[in-house]
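Dear colleague,

Please find the structure for your review below. My notes on it follow directly after.

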Amino acid sequence: QVQLVESGGGLVQAGGSLRLSCATSGRTFSISGTAVAWFRQGPGKEREFVSAITWNGGSTSYAESVKGRFTISRDNAKNTVYLQMNNLKPEDTAGYYCAADRLPLRPGVPGHDYEYAYWGQGTQVTVSS
C-alpha cells in the first residue's frame, strides 16, 4: 500500500509562515520519479489545487491565490516534496494534502485531482487573524 505522509501543519498567526513536507511512509515506493501536487480543502469548501512540481523540479505551477506567497520544491535524494508558505492569511486555513501523479516522468504538472493516484491523509493548517 503506497502511502504519503504530510507534516508541518499547525496554528499560525496571519502573516506567519509554515513549511509542509510530503514523504512516503515506506521504502517500496518512491515519489522521486513522479510529479507531486498539494491540494487543500477548507471548511465547507471543495478541494482545490494549490501547487505542483514536475518529477525533476524543472517546472512548477501555482494557484492564483497563493502565487508569490507559496513555494513548492523537492529533494529527490530525500524522496520529499516541500511547500513553503509565507504571508499566510486566514483564508489559507484548510487541510493540506499531497498527491503523487499516476504517470511517472510526466513532462508537465497535472492540475486535476483525478490525475493523481496516491494521496496522503493531510495536515491541518490554521491561520488566525
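Which residues form a disulfide, and how far apart are their sulfur atoms? The pair is Cys22 and Cys98, with sulfur atoms 2.1 Å apart. This is a predicted model, in which local features need pLDDT of at least 70, side-chain atom pairs count only at pLDDT 80 or more, and totals for chains, interfaces and linings use all residues. Residues are numbered from 1 along each chain as its sequence is written, and side-chain values use heavy atoms, leaving out hydrogens and water.

With a disulfide taken as a pair of cysteine sulfur atoms within 2.5 Å, the count is 1. The link of Cys22 and Cys98 is right-handed, with 70° about the S-S bond. It joins distant parts of the chain, 76 residues apart: Cys22 lies in strand β3 (residues 18-24) and Cys98 in strand β9 (residues 94-101). Strands are DSSP runs (E, at least two residues), numbered from the N terminus. Both cysteines are buried (under 20% relative accessible area, 1.4 Å probe, protein chains only).

Beyond its neighbours within four places in sequence, Tyr96 is in contact (heavy atoms within 4.5 Å) with residues including Leu20, Trp38, Phe70, Leu83 and Met85.

Yours sincerely

Definitions and conventions: Helices (H or I, at least four residues) and strands (E, at least two) are DSSP runs, numbered from the N terminus. Buried means under 20% relative accessible area, exposed over 50%, partly exposed in between (1.4 Å probe, protein chains only).
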